[in-house]
Amino acid sequence: MNEKSKQPEASKGIPAKETSAKESATEIRYVNLYESEEKVYTRRITGFFQRLRRFTSAPLMLGFLLMPWLVIDGRPAMLFDLPARQFNILWMTFSPQDGVYLAWLLIIAAFLLFTVTVMVGRVWCGFTCPQTVWTQMYMWAEFLCEGDRNKRIKLDSQKWSMEKFLRKAAKHAIWIAIALVTAITFVGYFTPIRELAINFFTFQVDLTAAFWVLFFTGATYGNAGFMREQVCKYMCPYARFQSVMYDHDTLAVWYNKERGEKRGPRKIGEDYKAQGLGDCIDCSWCVQVCPVNIDIREGLQAECIDCGLCIDACDSVMEKMNYPLGLISFTTEDAVAKKKVNIMRPRVLGYAAVLLVMVGFFVYSLATRMPLLVEVMRDRGTQMYRVNEDKVLNVYTLKIENLDRKTHVYDVSVHGDFNYEIQGYKAPPILEGEILTVPVRVAVKRSELKGEKNTVSFKVVARENPEIVISHNTTFIGPSK
Ligand code: SF4
Ligand code: SF4
């Protein structure tokens, strides 16, 4: 991949320095490494990829906005209730002990990203990434209030007037409204959203929730309104490592240099080939529509998010010129070089196989997940064991966590090589999400015990549903003889 040269232009911030004859001869240039990025004024474009972006981003955005409002079995479909240590995801409730599922999910997401990147490059960035989707919405507001690229450049260069003030104020008002809705929705994943929304707008919200709503409002406003392409270029870690995942058969946006060069302006219908020109009319539309402000004609670049907008722009130019479409297109490096394209290559098959195994394992473990958690801890505060008449006793702390969405009564029994019996356990109803912590004694006849260290198994079973059952082994200590 050709990394685009990032040498800034000659310094604007450093005072001009007199150059000696020697320096002039070796063409030393002074650059300001702290030069701020120039504002990007993107041109609005319509076309196949712009429409496709709407189709891919709209369901994801709607899903994000509606999910916290959705109710399943009388509770929010998606609520990560941190103080209660309960995480409702659709029809299931998880506890912090289920963190292994989250770890699996993250590993699967990472492998999915690897597989998709090897096959179709950075389409996640261009078509579904929240940074791209929100920036798209902010650009729409910008277009609505300030007009297209040329009007915006003109407006920014004008002195302040009532019209300029009203246009800017309207744009920022829409940006803040989008940011506020985004922030309330996001915080609504962690606290019930109905109360949050009502309390926020009636100024009754608690300080923690208010802080996070304002924090995420500011973050959305800053990221989508001002930082935009800089998040993709400098902050996103995915952009840094995606280049090592590309190979010669990865689908990406390419400019057909052989067909386009030598670029230059001409009139419609003119015999440009006779002038030694290629199909590129050097209109720079592909650069003007680019959200990350790069020139794809310089080759594949790390900054490119594969959004396809330059394809739409160039195709519209080709159409006007009556040239074949596809001067810029989604293709592969090998296809551009007219070599054989290998879609089903070992790397893709390897990633896909690992992904399939991991998804299968994840689905299986989720489907067979027991909505019950049992812990048995030996009481370390007193003696290892007690002898009461002819019986040896061990004391344990039994912890039962009901992860089901129903109240349950759990029966507890003890098993092992000897006739163990449990003492001190009464089975109370345990509400969903509740934890019962209770001390219990296990007794066995001294004459039965054969050694110092023995194994005892606690079996906890839900009275209403015997399929909810867990056995937990622990140690039973007795006298040496
Ligand atoms: S839009 Fe197409 S024709 Fe215009 S400069 Fe870009 S590549 Fe050339
Ligand atoms: S070069 Fe084309 S595909 Fe890449 S980011 Fe710019 S407009 Fe999108």
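In the hairpin of E4 and E5, Leu90 takes a positive phi near 55°. Two residues lie between the strands there. Strands here are DSSP runs (E, at least two residues), helices are runs of H or I with at least four, and both are numbered from the N terminus.

This is a predicted model, in which local features need pLDDT of at least 70, side-chain atom pairs count only at pLDDT 80 or more, and totals for chains, interfaces and linings use all residues. Residues are numbered from 1 along each chain as its sequence is written, chains are lettered from A and ligands numbered from 1 in the order in which they are written, and side-chain values use heavy atoms, with hydrogens and water left out.

E4 and strand E5 (residues 92-94) run antiparallel and are joined by three bridges. Two strands pair if DSSP finds at least two bridges between them. Asn88 has Thr93 as its bridge partner in E5. Ile89 stands opposite Met92 in E5.

Now step to the other side of E4. Strand E3 (residues 78-81) pairs with strand E4 (residues 86-89) over four bridges, again in the antiparallel sense. Leu79 has Asn88 as its bridge partner in E4. The hairpin of E3 and E4 has four residues between the strands. Arg85 takes a positive phi near 55° in this hairpin.

Together these strands make an open antiparallel sheet of three, in the order E3-E4-E5. E3 and E5 stand at the edges with a single partner strand each, so one side of each is left without a neighbour in the sheet. Neighbouring strands are turned by 20° against each other on average, direction ignored. Axes are lines fitted to C-alpha atoms, for helices over the stretch in contact, and angles run from 0 to 180 degrees between N-to-C directions. In a regular strand the side chains alternate between the two faces of the sheet.

A second open sheet has four strands. Its order is E13-E11-E15-E16, with antiparallel pairing. Strand E13 (429-430) and strand E16 (469-477) are the edges; each has a single partner strand, so one side of each is left without a neighbour in the sheet. Strand E15 (residues 453-462) runs antiparallel to E16, and nine bridges join them. Lys459 has Ser471 as its bridge partner in E16.

Asn454 also lies in strand E15. Is Asn454 buried or exposed? Asn454 counts as buried, because its relative accessibility is 11%. Buried means under 20% relative accessible area, exposed over 50%, and partly exposed in between (1.4 Å probe, protein chains only). The Asn454 side chain reaches the backbone oxygen of Gly451 at 3.1 Å. Beyond its neighbours within four places in sequence, Asn454 is in contact (heavy atoms within 4.5 Å) with residues including Phe418, Tyr420 and Thr474.

Turn to the helices. Helix H2 (residues 48-66) packs against helix H14 (residues 309-321) at an angle of about 145°, with axes 7 Å apart. Phe48, Phe49, Gln50 and Arg53 in H2 meet Leu309, Ile311 and Asp312 in H14. This contact holds four nonpolar, one polar and two charged residues. Ala, Val, Leu, Ile, Met, Phe, Trp, Tyr, Cys and Pro count as nonpolar, Asp, Glu, Lys and Arg as charged, and the others, Gly among them, as polar.

Finish at the ligands. The residues around ligand 1 (a heavy atom within 4 Å) include Cys280, Cys283, Cys286 and Cys314. Its shell has nine nonpolar, one polar and two charged residues. Around ligand 2 are Cys290, Cys304, Cys307 and Cys310, among others. That shell divides into ten nonpolar, one polar and one charged.

Methods. Polar contact = N/O pair within 3.5 Å; in protein donor to acceptor, adjacent residues only side chain to side chain.
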